[in-house]
Amino acid sequence: MSLKRKAAEVAADAAKKPKVNASITSFFGAPKPKADAAAKFDKDAWVAKLTDEQKELLKLEIDTLHDSWLPHLKDVLTSPTFLELKRFLKKELASGKTVYPPMKDVYSWSRHTPLNTVKAVITGQDPYHGPNQAHGLCFSVRPPTNAPPSLQNIYKALKKDYPDFEAPPNKGGLLTPWADRGVLLLNTCLTVRAREANSHSGKGWELLTQKVIDTVAKVRTTGVVFLAWGSPAAQRVKDVNKEKHLILRSVHPSPLSASRGFFDCGHFKKANEWLVQRYGKGSEIDWNLNVDPEEAGV
């Protein structure tokens, strides 16, 4: 039996209860036109108003940030703090320093999970700072890199919720299937200098990624699940409306803290039960990762 089917059956009784906005299409569809900033946003006109320096500094955002997110983040992108971050990154790269993830992957979270598809949000802290690891999704690594310790602990917690869960073959850690199914995998800081953890923290990424979280909470008004693991993640969602959204808190899955309650947090099943109760069968997340690499976007 698949994880998806089992989650639906576990929540079958809850799904029969009166639901808040039970239409799945209203949840998964695009926001209504009058509230859809993307529908009104003219990207070309916005770019045309940028200064030459802004166009140069924001080329990555213009070219690779998904259009569903850009209208909501554009004011942060042109803020003095963010532009100074981009100047800092430009100097880092010009000086020959290696920065992870590769620039083309910095905004991969936005392309795998457009705003109108978000069902759940998982926040990380800093990208992995070793070669062939970070690719723009928190906790995720591309093959042939083995799943890091925190991700291995995530697998263990998933196995407790769903005994038939199987980790990816060859000790893999690719989480793009989750992102493609509506799980926003967002790091607090989106870049890092090679072999220097937290080397780009406090430079301006936090302003942007907080805006991403706030945007989800504001735009996805019918409700999403926020999985906040560790104190920093809890801080990121402290202002999220608890009446509209589900906030699940736990210690971080790091080996330093996971034994203090993460393995038994039950977040994966709780998230699915809430989604099914709110939107009906078929709205739950399929947590399966044992998929063909091509399907997973490798």
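Tutor: Let's zoom in on one pair of strands, then step back to the chain.

This is a predicted model, where local features need pLDDT of at least 70, side-chain atom pairs count only at pLDDT 80 or more, and totals for chains, interfaces and linings use all residues. Residues are numbered from 1 along each chain as its sequence is written, and side-chain values use heavy atoms, with hydrogens and water left out.

Start with strand S5, residues 225–229, which pairs with S6 in the parallel sense over five bridges. Helices (H or I, at least four residues) and strands (E, at least two) are DSSP runs, numbered from the N terminus, and two strands pair if DSSP finds at least two bridges between them. In this pairing, valine 225 sits opposite leucine 246 of S6. To get from S5 to S6, the chain passes through helix H14 (residues 231–236), making a right-handed β-α-β crossover. Right-handed means that, with the strands pointing away from the viewer, the path from the first strand over the helix to the second runs clockwise.

S6 itself covers residues 246–250, and four of its five residues are buried. Buried means under 20% relative accessible area, exposed over 50% and partly exposed in between, using a 1.4 Å probe and protein chains only.

Now step back: the chain has 15 helices and six strands, and 54% of its 298 residues are buried. Cysteine 138 is buried too, at 0% relative accessible area, and so is cysteine 265, at 7%.
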